[in-house]
2 protein chains.
Amino acid sequence: MFEASVGGGIPIIRPMKACLAGNNILEVKGIVNGTTNYILTKMREEGLDFDEVLKDAQAKGYAEADPTADIEGNDAAYKTSILASIAFTSRMDVSKVYREGITKISAEDMAYAEKLGYVIKLLGIAKQVDNGMLARVHPTFLPVKHPLASVNGVMNAIWLKGDAVGEVMFYGPGAGSLAAGSAVVGDVIDIARNINDGSTSHFHCTCYERREMLGMEHVTCKNYIRILANDKPRVLASIATKLADHQVSISSMIQRARPDSKAEIVILTHMAKEPDVADALEAIRSLPVVTEICSWIRVEE
Amino acid sequence: MFEASVGGGIPIIRPMKACLAGNNILEVKGIVNGTTNYILTKMREEGLDFDEVLKDAQAKGYAEADPTADIEGNDAAYKTSILASIAFTSRMDVSKVYREGITKISAEDMAYAEKLGYVIKLLGIAKQVDNGMLARVHPTFLPVKHPLASVNGVMNAIWLKGDAVGEVMFYGPGAGSLAAGSAVVGDVIDIARNINDGSTSHFHCTCYERREMLGMEHVTCKNYIRILANDKPRVLASIATKLADHQVSISSMIQRARPDSKAEIVILTHMAKEPDVADALEAIRSLPVVTEICSWIRVEE
């Protein structure tokens, strides 16, 4: 076993392999990196910017001197591929897990998320889609009522959906020597029980299927987009037209005039295909009135 | 195994027996009855009274025609004794689990809970105390920030604290044929693996200790008390004196005059011993100015 590999002390590997073995697990979402969850929680609670909070996290020992593995989503990508391999009973190549870190998340995005009824979390998301499987790690807009939304600070949680059990979530400390030790000792006791039973291993590898690993072009989701543009007539119409041209439909919109005669435009889309959104944003970026596409954050419901 | 016995489809029995086997589990708290959680959630969200919501729950099939086992806490007591027996590796006699149902919870208590930063949940609480163990099922004031506080509707969750792992919570559907089926199939697959391994049983009974089962006189907790009294001078002083006489110290207090010249007095106490609180309330009840002790609800932090 390798219970400590994901979620520290949280029992998750064995429950998926044993208790939930009768399920076809359709979807796994996890807050599997405590460092980034600590940073995002503190940004939200205190309205601070990323750089400021990172320094505080480093001072407290929650982030390493070189924080790349955490803040760029690499650590979460490894954990997500382990979760997905067990959930979907098919080995997942971690190099094919899309990853995007939290370094570009701003205090503005945090504030808009709150206004729109969401929180921003770095999620590892793995789903069965189109007869294959897909995994991605990126900052995500999550409705405040989702069980993962209230997982704060350095705590971790793994949420999953099985075809029989429905929604299940496992919550606990994702790091720390005693928490990880708890998982390792659980494994050791399992080995001792095996010896006592005269059994070689109770849980064999469960990756007995081969599912194709799909790319981001298979993602369909809602999206949060924040754009900075000149505060001129028809700017909104031209942006909306570009979205419509690419089959991206708007669910809600906020426009805010700024003192510097720029307009900040925030858009929530309906479900849209990833390539369509990317193409629409490319077209919007080339509009003369548009200064910058500040943020594009995917939404999970 | 008997994974379906508590929390429906939520993996909890095996994780405690295996993954957390290296821990001394000090405390278990659970929302283990979906019917009462549905009723309390709806009372809170819609400001309704118990009787009204019970009828709605019966109409929707969330409560049985004879709802006694659920609303009086008996079902939760059975589940709590199973959880505690595994957590504390010592068999717990269910007849000694204190139980108190939710029938007396009023819309007023719900509103005061919210004002004070709490929610009311029917919790099964089991703790190791004074070299023994103690289990009780009763409505509980729980801080809104506690992970169990946002478990709503028919969902269940079990929160526990281990000396190594720290705080862990398991969340999911506590009832439903498919959810329970998921747990049963997990057990069946376990049996099949045992046969395949030539092993008799991987998880034997883990109740290898004998801990004394203690009574409610060993409980120490904070308390919420709501009293109806005549709105006269010195009424508050006389109540506060009776509390002080019994070593019950007040943490916060709300007094509200009512149109019928009665005063409603709401008290949150500091940590106090159960027998002291009971004696203090007995003394307060016999004060001539006191009309009624409307509520006494224990608080967990």
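Q: Where is the place of Asn131(A) in chain A?
A: Asn131(A) is in the loop between β3 (118–129) and β4 (132–143) of chain A. Helices (H or I, at least four residues) and strands (E, at least two) are DSSP runs, numbered from the N terminus.

Q: Before we go on, what are the ground rules?
A: This is a predicted model, where local features need pLDDT of at least 70, side-chain atom pairs count only at pLDDT 80 or more, and totals for chains, interfaces and linings use all residues. Residues are numbered from 1 along each chain as its sequence is written, chains are lettered from A and ligands numbered from 1 in the order in which they are written, and side-chain values use heavy atoms, with hydrogens and water left out.

Q: Back to Asn131(A). Buried or exposed?
A: Asn131(A) counts as exposed, because its relative accessibility is 79%. The cut-offs: buried means under 20% relative accessible area, exposed over 50%, partly exposed in between (1.4 Å probe, protein chains only).

Q: What is phi of Asn131(A) near?
A: Phi of Asn131(A) is near 65°, a positive value in a residue other than glycine. Most residues other than glycine have a negative phi.

Q: Which loop is Thr89(A) found in?
A: Thr89(A) sits in the loop between α5 (74–87) and β2 (98–99) of chain A. Phi of Thr89(A) is also positive, near 45°. Thr89(A) has 12% relative accessibility, so Thr89(A) counts as buried.

Q: Zoom out. How many helices and strands in chain A?
A: Chain A has 9 helices and 12 strands.

Q: Which radius of gyration does chain A have?
A: Chain A has 21 Å, which agrees with the value near 19 Å that a compact globule of 301 residues would have. That radius is taken over C-alpha atoms, and the globule rule is 2.2 Å times the number of residues to the power 0.38. Along the principal axes, the C-alpha atoms of chain A fill a box of roughly 80 × 45 × 30 Å.

Q: How many of the residues of chain A count as buried?
A: Of the 301 residues, 54% count as buried. In chain A, 73% of the contacts with a separation of 6 or more come from residues 24 or more positions apart. Contact means heavy atoms within 4.5 Å.

Q: How many positive and negative side chains does chain A have?
A: Chain A has 32 positive and 38 negative side chains. Lys and Arg count as positive and Asp and Glu as negative; His and the chain ends are not counted. The centres of the two sets lie 3 Å apart. Each charge is placed at NZ of Lys, CZ of Arg, CG of Asp or CD of Glu.

Q: New topic. How many disulfides over all chains?
A: The structure holds 0 disulfides over all chains. A disulfide here is a pair of cysteine sulfur atoms within 2.5 Å. Cys294(A) is in no disulfide, and its nearest cysteine sulfur, that of Cys221(A), is 19 Å away. Cys294(A) counts as partly exposed, because its relative accessibility is 23%.

Q: Last one. Which residues is Gly186(B) in contact with?
A: Leaving aside neighbours within four places in sequence, Gly186(B) is in contact with Ala18(A), Cys19(A) and Arg14(B). Gly186(B) is in helix α7 (residues 177–197) of chain B, and counts as buried at 1% relative accessibility.
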